[in-house]
Amino acid sequence: MTKPEKILDFRLDGAIGSLLICREDKRNAMNDALLEALDRFFAAPPPECRVVVLSGKGQHFCAGLDLSQHVKRNAEETLHHSRRWHSVMERIQSGGLPVISVLRGAVIGGGLELAAATHVRIAEPSTVFQLPEGRRGIFVGGGATARIGRIIGADRMCEMMLTGRKYSAREGLALGLAHYAVNADEALPLAHTLAAKIAANAPLSNYLMLNAIARINDMAQSDGLFVESLATALAQSTPDADEGLRAFLEKRPPKFR
Ligand code: 1HE
């Protein structure tokens, strides 16, 4: 008997993990099993793993919420389902593990919500960014109003949803939905190059980048500035700060924990 294919495949190469969404026949649409598999991974990633490259098998990153499951949910179930998405996306964004997403094809609805929870987004020319919830008679529920609204602005997100427009990789780059727009088949190699750089940073510096910047952005300026000072004091207290500063003065690359 052949083993059923995993919904989420993980491989570790040194400090760099590769996480592959494996629902190619459904364009990597997010069903409950996939959402739970993501949660399990990000709740307890292997300690050696310092950065993750997230991609979708085949021609699409993620076609959003699995609509065949969603059609059966009532209001109460939809509330809890949306809150579940929030907790999983929050774990991805703030769990402390930097995530680079490799975007191609559909980055639609919940697929865009997932991408927006990642820290580095690289788009190939086939990428389509879209929030088609209005066309399906529903509304976003996986964190888009907070994350995508912050990236492109509430005004532009409202227009994007009202008209159901599609943004290309290049447009997404201009808007901040992608950080890089590359040629076909170039996203994965670039993701690994960037992953190696990120993995070589001091762990606490990376942790603070993931956790302090977005939170401070939500604070009043004087509160945020105080938290920034606490964060920098914390980073300064680590052996990695000694190493990083000494390495610079000794004109050599740093070697962090
Ligand atoms: C799906 C899904 C899905 C594909 N849920 N099954 N997302 C959307 O509204 C996007 C819906 N999908 C599409 O617009 C298209 O499938 C694509 C543009 C992504 C790809 O088109 P194509 O021609 O390559 O594939 P296809 O023939 O449309 O789909 C292939 C199969 O995947 C087909 O199933 P099959 O059993 O007939 O082979 C599709 O039904 C299935 N499939 N996308 C379920 N999304 C937390 S709230 C977030 C709310 C949202 O995400 S709303 C946006 C949902």
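Asp9 counts as buried because its relative accessibility is 14%; buried means under 20% relative accessible area, exposed over 50%, and partly exposed in between, with a 1.4 Å probe and protein chains only. Before I go on: this is a predicted model, where local features need pLDDT of at least 70, side-chain atom pairs count only at pLDDT 80 or more, and totals for chains, interfaces and linings use all residues. Residues are numbered from 1 along each chain as its sequence is written, and side-chain values use heavy atoms, with hydrogens and water left out.

Which residue does Asp9 meet in a salt bridge? The partner is Arg11, at 2.7 Å from N to O. A salt bridge here is a side-chain nitrogen of Lys or Arg within 4 Å of a carboxyl oxygen of Asp or Glu. Arg11 has 56% relative accessibility, so Arg11 counts as exposed.

Now the strands. Helices (H or I, at least four residues) and strands (E, at least two) are DSSP runs, numbered from the N terminus. Strand β1, residues 8-13, pairs with strand β2, residues 16-21, in the antiparallel sense over six bridges; two strands pair if DSSP finds at least two bridges between them. Asp9 stands opposite Leu20 in β2. Two residues lie between the strands of this hairpin, and Gly14 takes a positive phi near 65° there.

On to β3, residues 51-56, which runs parallel to β2 and is joined to it by six bridges. Leu20 stands opposite Ser55 in β3. From β2 the chain passes through helix α1, residues 32-43, to β3, a right-handed β-α-β crossover. Right-handed means that, with the strands pointing away from the viewer, the path from the first strand over the helix to the second runs clockwise.

Arg73 forms one with Asp32, with the closest N and O atoms 2.9 Å apart. Arg73 lies in the loop between α2 (67-70) and α3 (75-94) and Asp32 in helix α1, so the pair ties together parts 41 residues apart in sequence. Glu36 forms another with Arg84, at 2.8 Å between the closest N and O atoms. That pair links Glu36 in helix α1 to Arg84 in helix α3, 48 residues apart. Salt bridges with shared partners join Glu36, Asp39, Arg84 and Arg91 into one network.

How many salt bridges does the structure hold? The count is 15.
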